[in-house]
Amino acid sequence: MSSTRYQLPDPTVPLTDDLIMRHIDDNSRVIDLGCGDGRLMQRLSDERACNVVGIDVEQHNVTAVIRRGLSVVAADLNKGLADIPSDTFDFAVLSQTLQQVQRPKELLTEMLRVANRGLVVVPNFGHWRVRYEVLRRGRTPITQTLPYEWHESPNLHFMSMHDFRDLMQSIGLRIVKERPIINGRAVDRPWAANLRADSAFYLLERSSAPTR
Amino acid sequence: MISDEQEGPAAPPNGVLGNVQTKYATLFEPPHELTFQVGAKLGPTTVAYETYGTLNERCDNAVFICHALTGDAHAAAFHGAEDDEKPGWWDGFIGPGKGIDTNRYFVICANVLGGCQGTTGPGSINPATGERFGLEFPFLTVSDIVSAHSELVTHLGIRQLLAVIGGSLGGMQVLDWAVRFPDQVRGAVVLASAPKLAAQGIAFNAVGRRAIYADAEFANGKYYDGEGPRYGLSLARMIAHITYLSEDSIELKFGRRLQDSDRFAFDMQKETEFQIESYLHYQGKRFVQRFDANSYLYLTRAMDYFDLSEGYDSLADALKSVTARFLVASYDTDWLFPTAQSKELVSALLQVGKHVSYTELPCPFGHDSFLIDLGPLTEMVAPFLEQTQLAGRTSADE
């Protein structure tokens with residue numbers, strides 16, 4: 001797999017898609033950052049009657065989304081979202097992509113500039129298996145959610161759930177909802193989430209944003 | 001549907017368009033004259049156009065092609081008049097199984113108002129005086145060009161176009177069309193274009209016009225009995241042609257190679273020593289044979305004046321009324337209509353919640369890329385047309 005691609009061949013994709021779908025209101029305006037071939041966009045359009053725009057850097061993905069009859073803008077998330085006007089969307093989706101961009105902090109800020117709410121799914125580097133792999137083997141861990149050799153991984157950043165919370169606080173974003181994904185299930189308030197979650201889902205808002 | 005015109009020729013079995021003929025429609029018969037943006041009235045006017053493919057029964061497969069500054073109605077196939085004839089200017093893109101598939105779509109291309117390839121322009125006879133218009137022709141804007149195209153579509157019995165497609169000045173027409181006649185356009189494809197011409201574009205146009213004005217043969221536009229401003233017009237074309245290429249493409253194609261020799265001639269009289277010189281001279285000379293200097297003045301001015309946001313608070317405000325889906329593409333080496341201008345358009349469309357897809361295509365051929373690099377365009381335009389048609393049928397069935 002090319003290291004420039006944003007989308008992971010993640011076995012938990014249907015789960016995270018469902019999770020994201022559940023948190024998006026019908027008829028809302030959604031921007032899918034790193035939309036890939038538009039799989040999730042199609043569902044949002046068909047099942048939720050959303051007005052969806054995809055962003056992707058790969059021309060073959062742009063073409064794939066056009067073939068679905070959906071709207072897509074070619075852009076590199078590493079260069080920010082300068083061409084997307086502020087407050088244009090109700091929701092911005094960033095699924096399994098944050099760890100692959102060069103400046104995650106800037107992108108999160110940008111995301112909540114263009115949209116009122118952000119939906120983010122990221123792998124959790126705090127998972128016990130990851131820690132165990134590092135300790136036991138002394139090597140970069142390869143797990144189900146982090147399935148790459150270090151030299152061919154598209155992932156540039158590794159964060160735990162604790163790290164993510166700290167970052168949100170420092171850039172003034174509020175975590176409205178946090179759902180750790182454990183063994184293929186999104187769990188509400190589990191014990192030792194940072195040890196047990198393979199990845200985590202977050203619903204974000206600007207701290208100053210009024211509660212909707 | 002098309003009662004007074006002959007049917008477009010059916011595609012022969014080998015998948016190539018048969019020979020086509022340019023057709024002529026007479027529009028805006030008094031008292032229904034065309035009212036120009038400046039208020040002048042003109043009628044009747046002739047519009048030269050060609051069609052490819054067949055209009056279907058639902059009447060939802062018509063695609064209109066807007067040509068660029070010096071193009072014409074002959075967009076595809078051959079006229080069959082000469083042996084060494086070249087096909088229409090977008091023949092690689094329009095035809096059976098091509099990007100704009102004539103097996104599926106009914107394609108129309110018309111020469112612009114103010115042009116000189118069959119549609120009424122400054123070189124036409126002014127019925128009021130019996131002489132050629134010259135500079136008496138009304139001041140022309142992109143909106144006036146689109147008004148004439150729009151009337152042609154109605155004349156052909158088509159209520160709504162599946163799409164309007166154009167590059168460069170053609171893209172400006174697409175934008176104006178989508179804004180002023182939203183009910184007539186389902187899809188808008190804007191290639192290597194912009195919502196307004198930037199200062200650099202105006203600058204190059206100004207130099208081209210100056211070359212024409214400064215030619216003694218220009219005679220204030222009343223040159224039709226003489227040779228006309230051949231030097232001025234060819235110089236205008238030479239300058240413009242440079243802006244259509246890119247540094248890379250010009251380097252690749254010509255480099256510093258000499259035309260006739262391996263050595264410099266050290267001759268101040270020799271004007272075509274480098275290959276690039278010879279090429280530009282050739283382009284200028286050929287252009288003079290097919291183009292009218294007055295049309296060049298009018299059309300470049302129309303381009304300069306074009307600003308989609310004119311009369312609105314903002315570009316986004318101007319686009320509020322559009323109902324068409326948009327497909328926008330720019331080219332990374334195009335410095336005449338740079339990517340930033342397409343992005344400005346896309347941003348404004350997103351801001352007002354319109355359906356838009358956009359990409360910047362990599363291609364070394366500069367502004368001319370949209371005429372040359374047809375593979376990536378086909379990949380996007382073909383599904384865009386297909387999906388736009390499908391969406392139209394779905395909403396019609398509901």
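Predicted model: local features only at pLDDT ≥ 70, side-chain atom pairs only at ≥ 80, totals over all residues.

The peptide bond that joins Gly43(B) and Pro44(B) is cis, with omega about -5 degrees.

Next, go to Pro30(B) and Pro31(B). The peptide bond from Pro30(B) to Pro31(B) is also cis, and its omega is near 10 degrees. Pro31(B) belongs to the loop between strand S1 (23-27) and strand S2 (34-35) of chain B.

Move to chain A and select Asn27(A). This residue sits in the loop between helix H1 (13-22) and strand S1 (29-33) of chain A. Is Asn27(A) buried or exposed? A residue with 12 or fewer other C-beta atoms within 10 Å is called exposed; Asn27(A) has 10 such neighbours, so it counts as exposed.

Select Asp87(A) next, in the loop between strand S3 (71-74) and strand S4 (89-95) of chain A. Asp87(A) is not a glycine, yet its phi is positive, at about 50 degrees. With 10 other C-beta atoms within 10 Å, Asp87(A) is exposed.

Now show both chains and look at where they touch. The contact takes 17 residues from chain A and 19 residues from chain B. On the chain B side, helix H9 (339-351), strand S14 (356-361) and H11 each supply at least two residues. H11(B) gives the largest share of that side, seven residues. By class, the chain B side has nine nonpolar, seven polar and three charged residues.

For the last stop, select helix H3 (residues 59-67) of chain A and helix H11 (residues 374-397) of chain B. The packing of two helices is described by the angle between their axes and the distance between the axes. For this pair, the angle is about 15 degrees and the axes are 8 Å apart. Angles under 35 degrees count as roughly parallel, so H3(A) is roughly parallel to H11(B). The crossing of the two helices is left-handed.

To see the contact itself, show the side chains of Thr63(A), Ile66(A) and Arg67(A) on H3(A), then Glu379(B), Met380(B), Pro383(B) and Phe384(B) on H11(B). These divide into four nonpolar, one polar and two charged residues.

Definitions and conventions: Residues numbered from 1 in each chain as written. Chains lettered and ligands numbered in written order. Axes fitted to C-alpha atoms, helices over the stretch in contact; angles between N-to-C directions. Helix = DSSP H or I, 4+ residues; strand = E, 2+ residues; numbered from the N terminus. Parallel < 35°, antiparallel > 145°, perpendicular 65-115°, else oblique. Left-handed = near helix turned anticlockwise from the far one by under 90°. Contact = placed C-beta atoms within 7 Å. Nonpolar A, V, L, I, M, F, W, Y, C, P; charged D, E, K, R; others polar. Buried ≥ 20, exposed ≤ 12 C-beta atoms within 10 Å, placed from the backbone.
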